[in-house]
Amino acid sequence: MLQIDAITKTYQGTPAVRDASFTVARGELVCLLGPSGCGKSTLLRIISGLTDCDSGSVRIEGVDMTATQANRRPTAMVFQSHALWSHMSVAQNVGFGLRVRGLPKAEIAAKTAAVLDLVGLQAFAKRLPAELSGGQAQRVALARCLVVEPKVLLMDEPFSALDAHLRKGLREELKALQGRLDLTTIFVTHDQEEAMELADRIVVMQGGRVEQVGPPGVLYQNPSTLGVAQFIGAMNTCTTTLRQGAADWYGLDLRLPLPDGEVALLCRPEDVYPDAKGAAARVTRVIDLGPVTKVTLMTEAGDLLTWTCPRDQAPDLGRVLTLLPRRLHAFRNGALIGLAQSPLPAQTAGAPA
Amino acid sequence: MPDVAKPSGGVAPGYTLSTGLGSQALAGLALVALPVGLLVTLTLLPTVRMVAATFLVEGHLSAERYFAFFNDAYTMANLRYTLEMGLVSAIAALSVSFGIALYLRFSAGRIATMIHGLSLFPLFVPSIIISYALVRFLGPNGLFQLLLEQVGFTQYRTPYLTPVGPFLAFLWENIPLPVLVLSAGLSQVSDHAVEAARDLGAKAPRILWEILLPQMRRSLLIAFALIFMGIIGAFTVPYMLGPPAPEMMSVFMQRTLGNLHDPASAQVQAVVLMVISSIVGGFYIATMAKSSAGAR
């Protein structure tokens, strides 16, 4: 449906998007995820035609749209600030795209009513945007896009200005609506939880580059770069040196069949488990998160280590535990060089590898 | 039953009533006392006195002078000319200023900065200088005529001492203020509001007509009122550049008073012009009040 090929954009010598490529299938919801300033909104604007790219191409259903003006593209965009026109009623806002297309008045009224019904705002048709709540305004902005039946719906952090509870509700509504209408959607967010909850696939961007593309579970379990690993979910990061297949993991020698050299060993908090042969660390903080407990420990060398455990296994403050990693991602120069699975063979200090 | 301490008066013990608000209000009144006093003594009282005087003919109340004003063809021609000049010049200045404000709103860089500076330049040039400059440039044997003759055009007719002369001066003089007012208004329209319209397929004329102009309505009305009031009361430009007849009301007033030595008629002319200005001024104040209420 949508093909982004080698898009590059530079602002006054500063690269905003670098060689970005990915595809989106019909009916798929893809999230562009990354920290602020990573180029995700710029890329979305390039897809919409509101910003030109320096090189690369945007194809929608096989047609090259790179040089096509925004008002001629089969896309519609929901902005972060909802961008409703304050002098128009809700119905006039929603019907604007249809008026632009020259549809008869009766058809505009019928389609507007139908789409307002879809987003649950038919009773608000005559209100002005100033009389709406943040969530309602964003639903009107969505309706304004849906009514023109775009081939690709683009959403630029649409819920980021709303409170957490409302955001969650709107996410669920959007996901249900998108599935029901089989709408190809690109959703920009910096909130990894939002991306994990909404997306069929996530495009992780950092420094203007596409770091990794994949379903949420795959990105979480198998990040291909250090950036993705550290951005998606929490990670314990231990930077160490591999010598003759052995690495120092918080004071514990681990056997890792990887080439020698500097390495970053990353382990998710839920992939740490207590084991008598593990690295020793003292419990410094215990946070009850409800279903699980987050335990922060300090190793003998002064490094902090996080362990997420079931509530009933929560240790007391000050207790010394010995921990082992169940899964360990090894990165060198930012790229994944190996994934070690448990049981990871620990060796006694000083013993040969 | 435990003892309960009874307050001795209406105020619970330990609490004191603050009188801060009262002294603040007095301080506020003291601050505005001087300008309000000046307004009343130097403007309001003479105005009331003058308006009252126009209705007193030989010690009796009469609207005779107003009948004379509205039945005199030459006076009415002057009034019509003044209002037409105000209307046409204000619309022209507003149109040019709106174009400049639009360009400045959606452009950046050195050229935009230069145009911004140029558009504000007339603000710092007194009317008398503008008038002299236009006489020297557009007048008989002025620079413009000489330039045209250099390229072989010898049929030039100067706008000096025709209605076009003051119109050009008013146009030039009245660009900075609306540019400032309209730029402020346009800055309230977000980029996303314009982009959302573009994204839904709208082209520039529709965006201008359906998105920008409706949101600029108040700024346009305010700018129009300010320019119009300024022009119908202007003296220097029509005195220096305007035709001998019809005259703009300010010039006519000065001539009635200074040359014809008829202060009573001049006062009636002033009252009529003041009433017209007050209507537009009231409209300006109402628009401003609506804007403030909207902002709250």
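Mentor: We begin with pairing: two strands pair if DSSP finds at least two bridges between them. Please bear in mind that this is a predicted model.

Trainee: What makes β19 and β20 of chain A a pair?

Mentor: Strand β19 (residues 327-332) of chain A and β20(A) share 6 bridges in the antiparallel sense. The requirement is at least two bridges, so the term applies. One of the residues concerned is A:Leu328, whose bridge partner in β20(A) is A:Ala340.

Trainee: Why are β11 and β20 of chain A said to stand at the edges?

Mentor: The sheet is open, and its 4 strands follow the order β11-β14-β19-β20 (chain A) with antiparallel pairing. β11 (236-242) and β20 (335-341) of chain A each have a single partner strand, so one side of each lacks a neighbour in the sheet. On average, neighbouring strands of this sheet are turned by 30° against each other, direction ignored.

Trainee: What makes residues of chain B count as touching chain A?

Mentor: The criterion is C-beta atoms, placed from the backbone, within 7 Å. In this model, 16 residues of chain B are in contact with 17 residues of chain A. On the chain B side, α9 (191-199) and α10 (204-232) each supply at least two residues, and α9(B) gives the most, with 7 residues. By class, that side has 7 nonpolar, 4 polar and 5 charged residues.

Trainee: Where in chain A does pLDDT stay under 50?

Mentor: That holds over residues 348-353 of chain A, for which the model has 6 contacts beyond four places in sequence. Where pLDDT is low, the predicted coordinates should not be read in detail. For chain A, the mean pLDDT is 88, and 97% of the residues reach 70 or more.

Technical notes. Residues are numbered from 1 along each chain as its sequence is written. Chains are lettered from A and ligands numbered from 1 in the order in which they are written. This is a predicted model: local features need pLDDT of at least 70, side-chain atom pairs count only at pLDDT 80 or more; totals for chains, interfaces and linings use all residues. Two residues are in contact if their C-beta atoms, placed from the backbone, lie within 7 Å. Ala, Val, Leu, Ile, Met, Phe, Trp, Tyr, Cys and Pro count as nonpolar, Asp, Glu, Lys and Arg as charged, and the others, Gly among them, as polar. pLDDT is the predictor's confidence in each residue, from 0 to 100. Axes are lines fitted to C-alpha atoms, for helices over the stretch in contact, and angles run from 0 to 180 degrees between N-to-C directions.
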